[in-house]
Amino acid sequence: MASNKLRATQQEQEDDTQVDMSPMIDMVFLLLIFFIVNATLIIVEMDKRVQVPIARYSEKQNDKMGRIVVNVYSDEFAGEGRFRMADGKEVFADDEDLVDFIKKEKENWDLKGQKSRLHLRADGKVHFTYVRRVIRAAAAAGVNEVIFVSLWSRSS
Amino acid sequence: MARHRRATALDEDKPELSISPLIDICFLLLIYFLVTTTIKQKERDNSMALPSAAPSEAQPDIQPFFIKVSNDGHIYANVGAAQELLDTEAQGTERILPVLDQRLEIYAAAAKAGNNKPLVQIYVEGEAEQQVVSDVLNHLAKHDISTVTFTDLVAQDEQLK
């Protein structure tokens, strides 16, 4: 028995269609969390103390899988250790240590079905004799592909 | 009249979230991070296959191109009596080695014409800087040469320094 006026307002409210956003937001968060949990995040660490050489014809780092990172420091930072791991803290005591590390990393990548590559971050000022020792260690460990890391320019 | 008043009161009670301060703060933070960020240049790859680590029995079909890098950073081609000086230093910010570049171009073209994979042997003296070796490798990459051998002519008694 509602009056005409009331009936009119009720109808107006029903006409006012509203999209409920909350289920969409729920789904977006759910998908976001799903992908965050599932993603295998691979970061190739870069120690700032190693100033890699410049090479204009080098390629973009596309595939980050299978990389075994070894840093080679110039005389300025070599006091604490000439050869170090990706984090720049763990020092390789000697060449055998280096071979063991590369072997172990290679086995890890082999289990994942990835081809191992030596990611060689050698400072531009370092003498080649040290670089050659890392390459030799990699060869001894069975890794024959070497990535000489470089920059496109020194501008930034 | 009374019914109308009740409806307005209900409308006023409905809490509304003011999002403009939120947007203000978001923009402020965005501008702060834009200004303070320094974009770090991405490192790039110069990938080389070193067959010395996986030696093959078969003799290569093509004569390898021999490059020598001396302690003072000079680039030579060939060994022994045929040795000749190519470049003394890399030029410009792009670090070009003009004579080596020319030679590699001829060599790579010849290898391609003969349907062979170009092979390069590099002998680097122990005190040559990595940047100079990188310059040579850079030119190899330019001419699509990815098979390199570092000849191990150095003594094996190099110790950790």
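Read along the sequence, chain B follows the pattern α-α-β-β-β-β-α-β-α-β, which amounts to four helices and six strands. Helices (H or I, at least four residues) and strands (E, at least two) are DSSP runs, numbered from the N terminus. This is a predicted model, in which local features need pLDDT of at least 70, side-chain atom pairs count only at pLDDT 80 or more, and totals for chains, interfaces and linings use all residues. Residues are numbered from 1 along each chain as its sequence is written, while chains are lettered from A and ligands numbered from 1 in the order in which they are written.

**Confidence**

- The model scores ipTM 0.72 and pTM 0.73.
- Chain B has a mean pLDDT (the predictor's confidence in each residue, from 0 to 100) of 81, and 80% of its residues reach 70 or more.
- Among the elements of chain B, the highest mean pLDDT, 92, belongs to α4(B), and the lowest, 58, to helix α1 (residues 2-13) of chain B.
- Over residues 153-161 of chain B, pLDDT stays under 50, and the model has nine contacts for this stretch beyond four places in sequence. Two residues are in contact if their C-beta atoms, placed from the backbone, lie within 7 Å.

**The sheet of chain B**

- Five strands of chain B form an open sheet with mixed pairing, in the order β4-β3-β2-β5-β6. Two strands pair if DSSP finds at least two bridges between them.
- β4 (84-87) and β6 (148-150) of chain B stand at the edges with a single partner strand each, so one side of each is left without a neighbour in the sheet.
- Direction ignored, neighbouring strands of this sheet are turned by 30° against each other on average.
- β2 (residues 65-69) and β3 (residues 75-77) of chain B pair in the antiparallel sense over three bridges; Ile67(B) has Ala77(B) in β3(B) as its bridge partner.
- The pairing of β3(B) with β4(B) is antiparallel over three bridges, and Ile75(B) stands opposite Asp87(B) in β4(B).
- The hairpin of β3(B) and β4(B) has six residues between the strands, and in it Asn78(B) takes a positive phi near 65°.

- α4(B) lies across β2, β3, β5 (120-124) and β6 of chain B, and runs at about 155° to β2(B). Axes are lines fitted to C-alpha atoms, for helices over the stretch in contact, and angles run from 0 to 180 degrees between N-to-C directions.
- Of the 161 residues in chain B, 25% are buried, that is, 20 or more other C-beta atoms, placed from the backbone, lie within 10 Å of their own.
- Among contacts in chain B between residues at least 6 apart in sequence, 67% join residues at least 24 apart.

**Interface between chains A and B**

- In the contact between the chains, 36 residues of chain B meet 39 residues of chain A.
- On the side of chain B that touches chain A, the elements giving two or more residues are β1 (44-49) and α4 (130-142) of chain B, and α4(B) provides the largest share, eight residues.
- This side of chain B comprises 15 nonpolar, ten polar and eleven charged residues. Ala, Val, Leu, Ile, Met, Phe, Trp, Tyr, Cys and Pro count as nonpolar, Asp, Glu, Lys and Arg as charged, and the others, Gly among them, as polar.
- Strand β4 (residues 145-150) of chain A pairs with β1(B) in the antiparallel sense over six bridges, and Phe148(A) stands opposite Asn46(B) in β1(B).

How values were computed. A residue is buried if 20 or more other C-beta atoms lie within 10 Å of its own, exposed if 12 or fewer, and partly exposed in between; C-beta atoms are placed from the backbone.
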